[in-house]
Amino acid sequence: MPRAHARAPSTRVVAVISAFNPGPALLDACASLLSQTRSVTIVDDGSTIDVTEILDSCAAAGCQIVLLGQNSGIASALNAGVDAAFARAPEAEFVLTLDQDSTLQADYVERALSAFEAATAAGVRVGLVAPHSVQGLPSRVAEVRNGVVLGLEPIQSGLVIPRSVWRSAGPFRAGLFIDSVDTEYFMRLSDFGFETVLAPGTHLSHSLGSRFHPTIFGRRLRFRGRDVSLVRSSPFRYYYIARNRVLMNRAFGSRHRAWSIKETLLDARHFAIVLALSPNRLTLGRLIAAGWLDGVRGRQGRMPSVANRIARR
């Protein structure tokens, strides 16, 4: 696997990739990290297909492979990877987390570390360094403080986390399994007084879901002469989105009431759109209802088998 550029890898940063049934894109994610970091740890989160060839290729390139016995969710996978990465490089100062379908620009780590140093010098207590844009879309900005751009609720992929922050704030919340894992960590760090810094000039290539063209009476919906295109997640994700919204409101709603109301309304709007326009609206509706009920019950971890069977229809 060729290295992307001639810069020396940073000895201060280790990287972790969570993978589940990965395809060839995992090799690109590895290549984007091997030339920039001290080490790359890939956690296979209980893949249900044969991924031996892909993992062997990554190992041959120099990646450390961690195999989980069952699908435990992205939070648990990343936690296991961070523990393994820091154990392998006890002097490392940062960990970078990445999804299997994400890739980084050639100087991403260099720019992220420069942003961390500049923010620290400006008096900012840095908890996370995040990409300035994701798939061409600018990351959400909270404010600019002393010339440092602070962000809101960054996605997990592309985060650079100081080791000291990981030790003091703890790992990702494993009970969420998937969805809201990054938001929960951001909110927790915010409550601890940490800020998220958007590194200038950094860009993350990342899959943001699949697009579909909604139809009405068999005809594509059009607006101003163009076909309407919307983004939706895989059906099973709607269980977790609904359930974890309840869990997040319970965890942070009392201290961040306006945020809780706003995010709940945004989720409700998205649910209304997909339920009105998606061809599998009945399946999605049942998953959203099941997720909401389990959130009220306080259920965490993997979705129950009943909901899983609904998602597979």
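Reader: What is the count of salt bridges between domain 1 and domain 2?

Author: The count is two salt bridges. The model is predicted: local features need pLDDT of at least 70, side-chain atom pairs count only at pLDDT 80 or more, and totals for chains, interfaces and linings use all residues. Residues are numbered from 1 along each chain as its sequence is written, and side-chain values use heavy atoms, without hydrogens and water.

Reader: Why is the pair Asp179 and Arg237 called a salt bridge?

Author: A salt bridge needs a side-chain nitrogen of Lys or Arg within 4 Å of a carboxyl oxygen of Asp or Glu. In Asp179 and Arg237 the closest N and O atoms are 2.7 Å apart. The pair therefore counts as a salt bridge.

Reader: What makes up the side of domain 1 that touches domain 2, by class?

Author: Four nonpolar, five polar and seven charged residues. Ala, Val, Leu, Ile, Met, Phe, Trp, Tyr, Cys and Pro count as nonpolar, Asp, Glu, Lys and Arg as charged, and the others, Gly among them, as polar.

Reader: How do you know where domain 1 and domain 2 lie?

Author: The domain assignment gives 13-206 for domain 1 and 211-312 for domain 2. Such bounds come from an automatic or database assignment. The domain centres, over C-alpha atoms, are 25 Å apart.

Reader: Why is Leu33 called buried?

Author: Buried means under 20% relative accessible area, exposed over 50%, partly exposed in between (1.4 Å probe, protein chains only). Leu33 has 0% relative accessibility, so Leu33 counts as buried.
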